[in-house]
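Here's a quick briefing to read alongside the model. Have the structure open as you go through the points.

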Amino acid sequence: MNIMTDRKTTAAEDALVERFDGVASSLPGANVDWVRKMRETAMAQFKALGLPDRRVEQWKYSDLRAKMREAHETRVESDAISESDIYDVLGVDLDEMLSYRLVVADGVFDKELSNIDGAEGKFEVTSLAETLNDPPAWFEEKFGKVNPQKNEAVLALNTAFMSDGVVIRVADGAELDRPVHLIMVTGSTKPGLVTTRNFVHVGEGAKLTLMESFSARRTPDMQRNCVTEMVVGDNAVVEHVKYQNEGRMAIHVASWLTELGQGADYNAFEFAIGGAMARHQNFLRFNGEHASAALSGAMMLWDNQHVDATTVVNHDAPNCQSRELFKCVLDDKSRGVVQGKVIVAKEAQKTDGHQMARSLMLSETAEFDSKPELEIYADDVLCGHGTTSGELDENLLFYLMARGIPEKKATALLVNAFIDEAIENVRNETIREAFLLRSADWLGEARG
Amino acid sequence: MAAVRETIEQVKDIDVDQYKYGFSTDIETVKAPKGLDEDIIRFISAKKDEPEWMLEWRLDAYERWQSMQEPEWARVHYPKIDFQDLYYYAAPKSAEKLKSLDEVDPELLATYEKLGIPLSEQKMLAGVEGAGPLAGAPGVAVDAIFDSVSVVTTFKEELAKAGVIFCPISEAIKEHPELVKKYLGSVVPKSDNFYSALNSAVFSDGSFVYIPEGVRCPMELSTYFRINESQTGQFERTLIVAEKGSYVSYLEGCTAPMRDENQLHAAVVELVALEDAEIKYSTVQNWYPGDADGKGGIYNFVTKRGDCRGDNSKISWTQVETGSAITWKYPSCILRGDNSQGEFYSIAISNGYQQVDSGTKMIHLGKNTSSRIISKGISAGRSNNTYRGLVSAHRKATNSRNFTQCDSLLIGNDCGAHTVPYIEAKNSTASFEHEATTSKISDDQMFYCMARGLNEEEAVALIVNGFVRDVLQQLPMEFMAETQKLIGISLEGSVG
């Protein structure tokens with residue numbers, strides 16, 4: 001209703017504000033003026049906004065303020081993470097995938113576990129903490145300014161608390177022969193709040209596949225706030241994939257801030273099966289003409305999981321194309337949220353933008369919320385969106401069962417046929433096959 | 001693309017000055033003092049000779065309103081309204097104590113004549129040709145509302161024979177208090193939103209319709225709203241109750257003079273459909289949209305809601321929105337009864353500096369409920385046109401169905417078209433489908449039409465009428481042709 005109420009800060013909000021004062025001087029970049037100021041401004045903004053609740057339109061269906069009852073310690077005590085830990089959380093296929101491996105363990109870039117042999121001349125990696133302590137000029141110019149968003153409390157919170165992450169620079173024209181696999185794993189036995197930030201700069205005409213994997217080794221209730229800023233140069237080809245398999249009680253908020261240059265080709269995909277409350281925000285901006293982007297995702301949820309995929313695509317340049325496809329399978333009391341917003345600026349003539357969100361509900365108590373928005377200021381455009389929601393088609397089930405396939409197997413077949421359409425959008429074969437295996441497993445033992 | 005440039009030039013030059021109903025009538029009026037406080041509410045209530053319970057009801061609403069904030073979520077921009085700088089009551093002096101049509105101020109009759117709404121029953125039966133959006137079709141009972149009061153209601157006797165009550169709500173409060181008490185505020189509660197609370201406190205008139213059990217209303221009912229006085233707000237309240245197995249089709253139309261200032265129109269419409277009843281509610285909204293520079297025009301902040309209270313009931317909203325500087329309007333259906341149906345058909349055309357934020361809510365509560373939304377938005381000039389809609393299915397709404405289609409058409413590149421749909425499924429057996437597209441009239445379509453001898457303007461009119469056809473077909477026969485013309489007028493100058 002419209003009746004005014006005074007907003008009281010929650011325990012989690014108070015704790016965050018208080019902790020910032022305690023840790024500010026020890027955070028990376030504390031001795032660099034602009035970094036310190038950036039953090040302080042962000043904290044002031046967070047104080048003004050508080051954690052987003054359902055009154056904030058963009059967070060209407062995912063009330064973080066209510067879900068995040070307490071804020072864990074921001075200094076995460078790290079128990080050593082070993083090779084076998086990583087194998088455990090990723091499984092054989094992803095662990096053995098031929099890739100450049102970067103490991104961020106408990107919010108700290110771990111050089112020992114990382115391996116980028118053969119990267120010379122193609123790309124460079126440094127830790128964010130090091131870069132913040134001694135920032136080069138190019139970094140200062142770009143960092144924190146990629147597709148900036150106004151009044152996003154979780155982004156402000158990330159800027160205030162970011163402890164580490166990776167800075168990747170792909171050289172102009174470099175074609176990476178294998179994916180860069182960024183493994184964000186927590187091994188601590190105590191709950192903590194992990195805040196990381198990555199910065200990726202892809203040079204003109206370069207080719208990159210970046211995969212971010214999120215897993216918790218020991219603690220099921222980690223809180224994570226991570227951001228990846230990415231600048232995609234002109235004519236670069238980037239595939240950006242995410243595998244989210246957080247702990248059963250985890251709160252996970254991730255934001256990707258991306259800008260595409262002229263003629264760039266960007267393919268983003270998120271596979272989400274973990275977390276108690278997870279939200280992935282994809283903010284994408286077209287800066288140059290003739291670029292194309294595909295954003296897609298697959299969510300498979302059960303129990304009382306709440307997973308949200310939010311996309312905001314700004315068409316600021318003419319002749320660009322965007323495609324979105326999100327699919328959710330919802331069981332038990334889970335809730336899937338798909339919000340998409342396409343904004344076409346006046347200059348962005350000949351924009352072609354489409355969004356699609358589909359959900360398949362396996363139980364009567366599941367919930368699906370969708371809000372596909374279009375905001376269009378140019379007249380020569382072709383934009384559309386669609387949403388569907390429903391249960392498993394009994395006729396299809398009957399068809400399969402009449403041919404001797406037991407109900408359970410028939411259901412699994414149909415669920416996989418549904419979700420795999422989204423997974424097929426992953427271009428990298430190894431990753432796609434790994435995801436298809438996960439989805440096939442999902443109705444069975446994967447619910448550990 | 002010389003034609004496109006020409007179009008833009010023309011949009012800048014002409015656009016909305018085409019408004020036909022912009023004259024004002026010089027008529028003696030009784031006004032309440034400016035501003036709003038408890039005394040004004042007492043004044044309105046006293047003027048209407050209302051019973052005590054009604055005054056209490058209003059004062060309670062006023063109290064709630066004071067604690068509320070103006071909603072800001074809609075995609076419309078306007079300077080803050082000074083609610084103390086408005087007249088909340090204005091009535092033609094002669095409008096009091098009317099017994100028959102003969103006593104109506106001839107000036108008033110002339111006004112309605114000019115608007116194409118002949119109020120004389122004889123003339124209407126003779127089928128006088130009119131030019132307005134609600135041109136007098138034979139067999140339509142009209143309740144004419146002028147500023148704050150209802151001046152005349154036609155065909156009352158004939159309707160009474162069928163048992164239908166069709167009268168100004170002020171009269172209903174006195175003569176049918178039990179019905180009013182039972183249903184008023186039962187669909188749109190007093191504190192539902194800022195404007196409904198304001199309306200509940202100060203509403204001065206409106207129509208009341210009651211269709212008894214099993215009756216199919218013998219004729220179309222219609223209300224014609226006219227704002228005449230300057231600096232006044234119009235706050236009317238409509239309540240339609242359809243008893244078991246009854247049917248009614250109701251149409252409203254509205255116009256206002258051209259003035260430099262912005263005037264507020266905050267209405268509340270409540271529909272109640274009981275078991276097996278059907279209500280069809282059509283609106284042709286043509287308030288003054290403001291001039292070519294966006295000066296003046298009506299702020300149309302309306303709360304409309306229908307409650308399918310009984311099983312197998314049906315409520316259908318059809319709206320053609322061409323007027324108003326700002327439209328903020330979401331005719332909704334609460335599908336409470338099992339197997340109930342809700343429909344929403346809308347054409348919203350914006351030109352000049354108009355801002356439209358309109359749509360619907362379909363709230364599925366009962367089993368096997370179904371709803372259908374067809375919305376066509378056309379933006380031209382420098383206008384912004386937003387579709388905002390909610391479709392939700394609650395836990396118990398098993399087997400509910402929704403189909404939504406919202407299409408937008410952009411003409412010129414200074415305008416905007418937006419869609420903000422909310423889809424909430426809390427039930428696995430609910431099946432929702434939603435489709436939306438935004439596009440412009442393609443060069444191919446234009447070429448095709450023009451190659452067959454149509455000039456540019458005719459071609460656009462043909463394509464636009466084709467675009468809105470799904471919705472036009474839902475309008476009562478008599479108004480279809482008029483609406484088609486109205487669409488032509490609204491877009492005149494904005495298209496080649």
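In chain A, strand β4(A) and strand β6 (residues 193-202) pair in the parallel sense over four bridges; two strands count as paired if DSSP finds at least two bridges between them. Strands here are DSSP runs (E, at least two residues) and helices are runs of H or I (at least four residues), numbered from the N terminus. This is a predicted model, where local features need pLDDT of at least 70 and side-chain atom pairs count only at pLDDT 80 or more, while totals for chains, interfaces and linings use all residues. Residues are numbered from 1 along each chain as its sequence is written, and chains are lettered from A and ligands numbered from 1 in the order in which they are written.

**Around strand β4 of chain A**
- Val170(A) sits opposite Val202(A) in β6(A).
- β4(A) also pairs with strand β3 (residues 123-127) of chain A, in the antiparallel sense and over five bridges.
- In that pairing, Ser127(A) has Val166(A) in β4(A) as its bridge partner.
- Five of the five residues of β4(A) (residues 166-170) are buried, so the strand is largely enclosed by the rest of the structure.
- A residue is buried if 20 or more other C-beta atoms, placed from the backbone, lie within 10 Å of its own.
- Val166(A), Ile168(A) and Val170(A) point one way from β4(A), Val167(A) and Arg169(A) point the other way, and all are buried.

**Where chains A and B meet**
- The contact draws 37 residues from chain B and 35 residues from chain A, with two residues in contact if their C-beta atoms, placed from the backbone, lie within 7 Å.
- On the side of chain B that touches chain A, β23 (416-425) and β24 (431-440) each supply at least two residues.
- That side of chain B has 15 nonpolar, 17 polar and five charged residues.
- Nonpolar means Ala, Val, Leu, Ile, Met, Phe, Trp, Tyr, Cys and Pro, charged means Asp, Glu, Lys and Arg, and the others, Gly among them, are polar.
- Strand β18 (residues 367-376) of chain A runs antiparallel to β23(B), and six bridges join them.
- Across these strands, Asp369(A) has Glu424(B) as its bridge partner.

**A helix pair in chain B**
- Gln445(B), Met446(B), Cys449(B) and Met450(B) in α10(B) meet Glu456(B), Ala459(B), Leu462(B) and Ile463(B) in α11(B).
- The residues of this contact divide into six nonpolar, one polar and one charged.

Key
Buried ≥ 20, exposed ≤ 12 C-beta atoms within 10 Å, placed from the backbone.
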